[in-house]
Amino acid sequence: MIGEFVTKYRWPILIAWLLAVALAIGLKPDANAARKEPTSFLPADTPTRTAVSELTKHFGHTVGLSEAVIVFNRSDGELTGEDDAAISKFARRVTKPSEELLGPEDLDGVSFRSPDSMPVPRQSNPYIAAPNGTGQAALVKINIPANFITSRSARIVKHVRAILDEEELDFPEGLSASVTGSSAFGLDYARAAEQSHVNTFAVTISAIVLILLIIYRAPLAAIVPLGAISAAAIIALTLLKLGNIYLGMSTGLAETIFTIVLLYGAGTDYTLLLMSRQREFLRSGLSHRQATSEALNHTLSALLASAGTDTAGLMMLTFADYDLFSSAGPAIAVALVVALAAVITLVPAVVVIVGPKIYWPAHPGRADQKLATAKSVVWQKVASVVTARPGTVLAAGLVLLAIPAWQGAKLNWVYDTLADLDADYEAAKGACLVQEHWPIGEIAPVNVLIEAPGPIEEKRWMQLSADMTATVSNINASSTKAVHDIRSLSKPLGRNIDTATEAFLKMALAGNPPDEPRSQPKPFGLFNVFQNGAKSLVSGVMQGKLADIKKRTFAEYVSKDRTAMRIEIILDKPAMTLQAMSIVKNIREELTKTLAQAKFPGKVHIAGATAQTMDIRSVTGADFYRIATLALGVIFLIVWLLLKDVILSGFMVLSTLISYWTTLGVTYWVFVYIFGASGLDWKVEIFLFVIMMAVGQDYNIFLAARVSQEARRMKPRRACRHAIIHTGPVISSCGLIMAATLGSLMVGDMALLKQLGFAMALGMLIDSFVIRPLILPAFISLTGRTGQEGSLHS
């Protein structure tokens, strides 16, 4: 038996674990391998990735999957000539790699835009804001061909911020600079996650120590499990890093925090089950070593079933199309397996090595018996009420859960999670500064590509551009402040330009197309309409430059082979909000109608942060239903294999599903109506579901298995009574530990972790103190369904 093996070879087991921890601490993974990470976590065939691919094919790297936007501001007046020179110097410097932060390969496919990209009068340059009461500002934009939460995106933002701190730039006094955009938000989001990790870890450890001290009243009995689980956490973290680097398991920092917290919670639960049974054997008169061995033998099946249910539910995440989900499932499962290994090997080995002193100054004898008796009185009263009036308890419990469950089943999720960053982060400060001079959409434009099956003459492209610009303008008219500006072939500088510039552009674009071949735009420049000496639109330009202006305008907005045209749209809403997604959906539909009305044989592609968020919503929404179906099926199968009762197994799964919806409903009410949030983060839906269905089902299994065992020698209601009394203390303690550890996520700086921590803690409490001791035994008492056999010991 495993108990005899572990207790006999306790010293080799301890040494093996210590060596594994030392190896994990000393292992230095190849940092360069992290550069092989995926550029996006969406499938390659999603509309956004297709759009970016087609835009790159036709126009080079003019757009990216994320943006870093540097906003330069002079708050005491207009930008000076010295300011312009400093901004130009920065724009040139930022295109060069740095040995410490950025290699040449990181800049591959990155494009840069600055005020110098458009040497037009200041009043018409979209990268220079008009002076207002808050001064004047200018923008430099960097388009990055990688998702905003990738390490490549983070390296570029760090590179930009390091350059801004360089003394050699010597910014004029009064000129300030901030980095914002989705990439900057992504880096600051990661930093918030790092701070959350520190806070969460401290609270997790404190909560576990406090609860274990209350349960055992012995310092060593609290330290030994915590030490074993910490060893497992060190090894699990190293395995996650290796998987992230070498196996493409793209687990974000927020997901890693969640994994470690769950590891501590589940590991402590497993340990509590083991040591509680060991104390029972000690009270029966067995020696310390024998009690430990028997405890491991008798709880092994329960521990394996618990970890198996957790792992099976979490592994369903591998069927997600969204890479972060599909990687998170195996990562969390690996962590739980390591925790289980520590509990069934390291914990009993150390418990035997320490000996009876592990419970000093308490003793698992009379004091334990008194505490057990006190707890038993409470659970006897609960058991009496549930078994005496099962119909009333079941009906009241379901009605109580149904009210918030109705709310939880019909939520709209929030995707603008970056907006919840604290205002002290630089990306948030930069975004506020941008909004003082431009609409917020300027840092994340909507990029539209119209693609034709073959070459189209320039005159028809011009007419189509005018039609589409008018279409988008009408959307703006029907939706208050939906679209701030449109830059297209027919409106190359947008709608908000001075009269002289607009008249000149119309004159240039109305001319005959140049005979010489048009070249692609350079990566650094929107279109140099006045290159080679043009000084001012209003002061007059040589007639010979009109053709050059038209050539460069067409090169910016129409592909070289004349098969594609692009349009840039600036929204008045933050890019990842539900309002922005609704506007872009409307834009796509209306532009498609315009193509049909013009009988133009083309396709509409849309790229940008808003379109990418729409794809995330679509992909993860489908992922949730797929994973939910698979997880429910697998967990139902595991429960049925244990209990051999279809109806009882189905009710157990259904009750946990109801508690999930209830938890969502209450969490929504708390964060929206009390804390003023706009809604719940979209990641809460799937992570809460998987954890509640897997971990929450453990507690049901422990109770139902005990009922099944007791029903072999007594009637169902009496079996329920005995099961509630005997499993109540330990399972409730497990629920409290899991609620405390998962609830520690609430101390983080991120809205996601706060919401997820609250929801998981609440869900564990509902499962531990409503579903497991009230609703499930009431159903069993009412129906008499106890399962045909049970094999778990709890």
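Begin by selecting helix 9 and helix 18, where, in this predicted model, helix 9 passes helix 18 in a right-handed crossing. Helix 9 covers residues 288–315 and helix 18 covers residues 609–643, and the two pack at an angle of about 160° with their axes 9 Å apart. Since an angle over 145 degrees counts as roughly antiparallel, helix 9 and helix 18 are therefore roughly antiparallel to each other. To see the contact itself, show the side chains of G308, T309, A312 and G313 on helix 9, together with A631, V634, I635 and I638 on helix 18. Coloured by class, this contact of helix 9 with helix 18 shows five nonpolar and three polar residues, with no charged residue.

Next, select helix 12 (residues 390–408) and helix 19 (residues 646–674), which pack at an angle of about 50° with their axes 6 Å apart. That angle makes helix 12 oblique to helix 19, and the crossing in which helix 12 passes helix 19 is left-handed. On the helix 12 side, the contact is made by L394, L398, L401, I403, P404, A405, Q407 and G408, while helix 19 brings F651, I658, W661, T662, L664, G665, V666, Y668 and W669. The residues of this contact of helix 12 with helix 19 divide into 13 nonpolar, four polar and no charged.

Now move to helix 6, residues 182–216, whose 35 residues reach 49 Å from the first C-alpha to the last, close to the 51 Å expected at 1.5 Å a residue.

The next stops concern backbone geometry. Most residues other than glycine have a negative phi, and most peptide bonds are trans. Select K599 in the loop between helix 17 (578–597) and strand 8 (603–607); K599 is not a glycine, yet has a positive phi of about 55°. Then go to the loop between helix 10 (323–354) and helix 11 (366–388), where P361 lies, and look at the bond joining W360 and P361, a cis peptide bond with omega of about 0°.

Finish by colouring the model by confidence. The mean pLDDT of the protein is 84, and 87% of its residues reach 70 or more. Select residues 512–542, over which pLDDT stays under 50, and for which the model has 69 contacts beyond four places in sequence. Where pLDDT is low, the predicted coordinates should not be read in detail.

How values were computed. Residues numbered from 1 in each chain as written. Predicted model: local features only at pLDDT ≥ 70, side-chain atom pairs only at ≥ 80, totals over all residues. Heavy atoms only, no water. pLDDT = per-residue confidence, 0-100. Contact = heavy atoms within 4.5 Å. Helix = DSSP H or I, 4+ residues; strand = E, 2+ residues; numbered from the N terminus. Expected span 1.5 Å × (residues − 1). Axes fitted to C-alpha atoms, helices over the stretch in contact; angles between N-to-C directions. Parallel < 35°, antiparallel > 145°, perpendicular 65-115°, else oblique. Left-handed = near helix turned anticlockwise from the far one by under 90°. Nonpolar A, V, L, I, M, F, W, Y, C, P; charged D, E, K, R; others polar.
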